[in-house]
Structures are given as structure tokens and as C-alpha cells.
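Me: I'm new to this one, and I'd like to learn how to read it. Could you walk me through it?

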Amino acid sequence: MIIAVDGPAASGKGTLSKGLARHYGLPHLDTGLLYRAVGWTVREHLEAADFEARAIAAAQNLDAAHLDDVELLISARTGVFASKVAVIGPVREAMRAYQVGFARQPGGAVLDGRDIGTVICPDADVKLFIQADSKARMERRARQLEARGENVDRYALYHQIEERDARDMANPHGGFYQASDAHLLDTTLMGIETALRAAVAIIDEAM
Ligand code: C5P
């Protein structure tokens, strides 16, 4: 069983996907981490003339099985670096095989990202598209970062999320849209437990 979960920044798709993986006993891949790892690797070369070439090389050499410094990778700044490398077609291509391989392991998997239901696993058994309004997403992300000890400027974070969404949605190589056969789940007014129950109900009904 392959479950594809897509949605914008801080929509809760990561937490939800972890919960689904536990519920169904499946492995989980947060594909945002792959882009974050590449973005982090080239963070000091954002303005360099050879930025794209460096990002492509970093993607081709990424050891996806060892994304160990997760704390660092999930910081807000790294999300911005990630969205800058994610617009480069060959970067996406370089990481595609790993994601497809992960999805195809025996028994299946849960993958979350932006293009899982559209590009990586167009034949997924169930596709969810998670939505939540920008203010709710900003507040959730702010609390998550504060819990990790980061100082949060909510105004700046709101704009950072909006800017990242705009870049992701305009990404010509991104595939970031709701697949025609994806189930829309708006979690604006839901806590994580409620969202998880709603997602499980959709999946059980679809299977
Ligand atoms: O999901 P997360 O916020 O960690 O993703 C970080 C960035 O990586 C996104 O803003 C997006 O630019 C990129 N990304 C992507 N495709 C994916 C997952 C993430 O382009 N499947």
C-alpha cells in the first residue's frame, strides 16, 4: 500500500504522515528532508554563478539513507534553502530514483512532500492533499520551532512561509498541485489527533 501525502509548508503533513506510518505499520519518507539536505550543502553559494551546478552535484551525491542531522535540517532557514534548490530540474531528477525505490519496497510506504501524488507515485493507492490556512500554518510552525529552542519572529515566519509556497507553486519542475484523484483534507481547525482520524477514515474507505 502506497500512501502519498502532499501539501504546502507547515500544513501538518509531516506529523500526519508519521502517524499514518505508525497506524498502518509502514515505513515513512519525508521527502522535504532530501531537498533540505541539498539546500543545506550549498547554503553558502546561493549567489554564486555556479549555484545550479553545485546544487545538482550535491543532489547527485546525496546519501539519502543518512540524513542524520534532522534537527539542523528542519530549521526554518533550511526550508528556504531547500525551496531554492527544488526549482532546479536536474536536482529533482537526481532524487527521484531514491524516492521511487523507497515507495516500491515490499509492503509499501508513506511518502510526504509536494509532488508525491503527481510525479513520484502517480499510481499511489491513496493520495491525500493537506491544506490549512496560512495563519494556522505559521502558528503551528512557530510553536514547533519554539519547542526546539529557536527564537521566532512570527511576522517574518509568516512571510517566509508565503514566499516559500509561492516559489513552490510556481516551480515549473515541481508538480505541486492537487492530483485529480487526491482527497483534500483541510486541517485548519483540526488538532493532530482529529486530523489523523480523518485521514485514516479516508484511507480505509478508499482501500
Ligand atoms: O516539506 P518541507 O517544508 O520540509 O520541504 C522543504 C522544501 O523542499 C519545500 O518548500 C519545497 O521547495 C521542497 N520540496 C519539494 N518537493 C518535495 C518536498 C519538498 O520541492 N517533494
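Me: Let me start with two helices: how do the axes of helix H5 (residues 76–85) and helix H9 (residues 154–170) cross, and within what distance do they come?

Reply: First, some ground rules. This is a predicted model, where local features need pLDDT of at least 70 and side-chain atom pairs count only at pLDDT 80 or more, while totals for chains, interfaces and linings use all residues. Residues are numbered from 1 along each chain as its sequence is written. Helices (H or I, at least four residues) and strands (E, at least two) are DSSP runs, numbered from the N terminus. Axes are lines fitted to C-alpha atoms, for helices over the stretch in contact, and angles run from 0 to 180 degrees between N-to-C directions. Here, the axes of H5 and H9 come within 10 Å and cross at roughly 20°.

Me: What do I call H5 and H9 relative to each other?

Reply: Angles under 35 degrees count as roughly parallel, over 145 as roughly antiparallel, 65 to 115 as roughly perpendicular and the rest as oblique. H5 and H9 are therefore roughly parallel. Their crossing is left-handed (the near helix is turned anticlockwise from the far one by less than a right angle; clockwise would be right-handed).

Me: Which residues make the contact of H5 and H9?

Reply: Residues are in contact if their C-beta atoms, placed from the backbone, lie within 7 Å. H5 brings Ala76, Gly79, Val80 and Ser83, and H9 brings Leu157, Gln160, Arg164, Arg167 and Asp168. By class that's 3 nonpolar, 3 polar and 3 charged; Ala, Val, Leu, Ile, Met, Phe, Trp, Tyr, Cys and Pro count as nonpolar, Asp, Glu, Lys and Arg as charged, and the others, Gly among them, as polar.

Me: At what angle do helix H1 (residues 13–24) and helix H10 (residues 192–206) pack?

Reply: At about 55°, with axes 10 Å apart. That makes H1 oblique to H10, and the crossing is right-handed. Among the contact residues are Leu16 and Leu20 of H1 and Ala195 and Leu196 of H10. The contact divides into 7 nonpolar, 3 polar and no charged residues.

Me: And in what order do the strands of the sheet run?

Reply: Strands of a sheet pair through backbone hydrogen bonds, either parallel or antiparallel. The rule for a pair is at least two bridges found by DSSP. Here 5 strands form an open sheet, S2-S3-S1-S4-S5, with parallel pairing. S2 (28–30) and S5 (183–186) stand at the edges with a single partner strand each, so one side of each lacks a neighbour in the sheet. Neighbouring strands are turned by 20° against each other on average, direction ignored.

Me: How many bridges join S1 (residues 2–6) and S4 (residues 126–131)?

Reply: There are 4, in the parallel sense. For example, Ala4 has Lys127 in S4 as its bridge partner. Helix H6 (residues 89–103) packs on the sheet, touching S1, S2 and S3 (109–113).

Me: How confident is the predictor in the chain?

Reply: Confidence in each residue is pLDDT, from 0 to 100. The chain's mean is 93, and 98% of its residues reach 70 or more.

Methods:
Contact = placed C-beta atoms within 7 Å.
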